[in-house]
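Please keep the sequence and the three-dimensional view open while reading.

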Amino acid sequence: MDREFIETDLNKFDAWLAEVLKPRALEKRIRVDVFRRAMADVSCVPEVLKRQASQKEFNLPIWEYLGIAASDERIRNGRQMLRKHRALFNTIEQAFGVEPDVISAIWGLETGYGVVMGDTPVIPALATLAFAGRRAGYFESELFAALRLVQLGKICVDQLTGSWCGAIGHGQFMPSTVLEFGVDLDADGMTDLCGQDPTDALASVANYLKKHGWRKGQPWGIEVRLPHGFDHALTGLDQTLPARDWSAMGVVTVDGGQVPDYGVSSVLMPAGATGAALLTTNNFHVILRYNKAISYAIGIGHLSDRLVGGKPFVANWPVGEREFTSGDISEAQYLLSRAGFDTLGIDGMIGPNTTRAARAYQTASGLVADGYVGPDLLDRLRGDGR
């Protein structure tokens, strides 16, 4: 990013702040004095745009991401934190019905158990993303939520520091999430998500999961084995069946046992037919509400299992596969849509719509319809487009 581009962008940014953002903020009932004070000296931060384009959970292969998410060090530290804060975790579990290992996994993956909460000024970061980032409308609404926190006196502008995307505290809550789900568990009159004491922050994580439908005693998912000849067109988070139906098809646990009944569930193949198969439950969708990246949700689930003695995945991953970037995903989305299999947007991220489109294309092309968007599918799409 050269200096001329940055200076040009800065000029546009300043005009946007004054002519576009300020009127919108006033419409959202942000007071003029609050806007003026919070936005004083705010400038565009190109670095956050670079960070957005290189999110690990969206760009790393699932096996590499899991190696980071459930590393030996993170597992070891998480177990230490479960012991250290045993009384707090027990209190939270009783109050919100969310297991300690799940809360600890989110804490560990988000901030390394409170070690890395971020030092990026939130207001400039959110303003930059609202101006030129992906999902600009979303980040604009989060910017207004941050201004509302300041207006309500819940936090000072100089305390609003966090990640490049505007998330703050032990659980990396976005400002709107703080407003809606923040909890003052220690009853000191403040919802402190960023202090050394993680009480309010961990309770807020539990409250968030509870309010989104977390079911205590239900795993996020389990690894399963699929029978020979399994219809991969039945896979994907958009398709659910009762456990008895999966069992009738020959789906079993990795040790050959009967699939347990945790309600309707989906078979997810995050690396396609050559990788692990996971039977995911309602709680997996709850984790996705925290972060919509499939890899993230699997990472949280797997880390939570490992913290309480669970084993690594049994199936192998296609580790020899070439790198697949967000640009490759965008190209695949474009080519799928052009071929008549609409992904409902081109954003460089794999979600249910892209998986559904890929599965439909694979079915129509006589391929294994696992919905996996990877190098082989992209090569096939490129060949069809010639």
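Two strands are taken to pair if DSSP finds at least two bridges between them. On that basis, in this predicted model, S3 and strand S6 (residues 277-280) pair in the antiparallel sense over 4 bridges, and glycine 221 stands opposite threonine 280 in S6.

**The open sheet**

- The sheet to which these strands belong is open and has 4 strands, in the order S4-S3-S6-S5, with antiparallel pairing.
- Strand S4 (252-253) and strand S5 (266-268) each have a single partner strand and stand at the edges, so one side of each is left without a neighbour in the sheet.
- Strand S3, which covers residues 221-225, is also joined to S4, here by 2 bridges, and the two run antiparallel.
- Within that pairing, arginine 225 is placed opposite valine 252 of S4, while valine 224 is placed opposite threonine 253 of S4.

**Nonpolar cores**

- The largest nonpolar core contains 88 residues, and those with the most contacts inside it are Met39, Leu209, Tyr296 and Ile298.
- In soluble globular proteins, nonpolar side chains generally tend to be buried together.

**Helix H16 and its ends**

- Helix H16 comprises 13 residues (326-338), and the distance from its first C-alpha to its last is 18 Å, close to the 18 Å expected at 1.5 Å a residue.
- At the N-terminal end, H16 is capped by threonine 325, which has a side-chain oxygen 3.3 Å from the backbone nitrogen of glycine 327.
- After H16 comes glycine 340, for which phi is positive, near 100 degrees.

- Alanine 358 is part of helix H17, which spans residues 352-364, and because its relative accessibility is 0% it counts as buried.
- The C-alpha atoms of alanine 358 and glutamine 333 are separated by 8.6 Å, although the two residues lie 25 residues apart along the chain.
- Arginine 359 is likewise placed in helix H17, and with a relative accessible area of 7% it is buried.
- With residues up to four places away in sequence not counted, arginine 359 touches His232, Ala233, Thr235, Gly236, Asp238, Gln239, Ala369 and Gly371.

**Serine 104 in helix H8**

- Serine 104 lies in helix H8, residues 100-111, and its relative accessibility of 0% makes it buried.
- Its neighbours within four places in sequence aside, serine 104 is in contact with Gly78, Leu82, Phe89, Tyr113 and Leu307.

- The structure holds 0 disulfides.
- For cysteine 156, the closest cysteine sulfur is that of cysteine 194, at 12 Å, which is too far for a bond, since a disulfide requires sulfur atoms within 2.5 Å.
- For cysteine 165, the closest cysteine sulfur again belongs to cysteine 194, at a distance of 13 Å, and is therefore too far for a bond.
- Cysteine 156 is partly exposed, with a relative accessible area of 44%, whereas cysteine 165 counts as buried at 17% relative accessibility.

- Most residues other than glycine have a negative phi.

Note on methods
Residues are numbered from 1 along each chain as its sequence is written. This is a predicted model: local features need pLDDT of at least 70, side-chain atom pairs count only at pLDDT 80 or more; totals for chains, interfaces and linings use all residues. Side-chain values use heavy atoms; hydrogens and water are left out. A nonpolar core is a set of buried Ala, Val, Leu, Ile, Met, Phe, Trp, Tyr and Cys residues joined through side-chain atoms within 4.5 Å. Buried means under 20% relative accessible area, exposed over 50%, partly exposed in between (1.4 Å probe, protein chains only). The expected span of a helix is 1.5 Å times one less than its number of residues. A polar contact is a pair of N or O atoms within 3.5 Å; within protein, one must be able to donate a hydrogen and the other to accept it, and residues adjacent in sequence count only if both atoms are side-chain atoms. Contact means heavy atoms within 4.5 Å.
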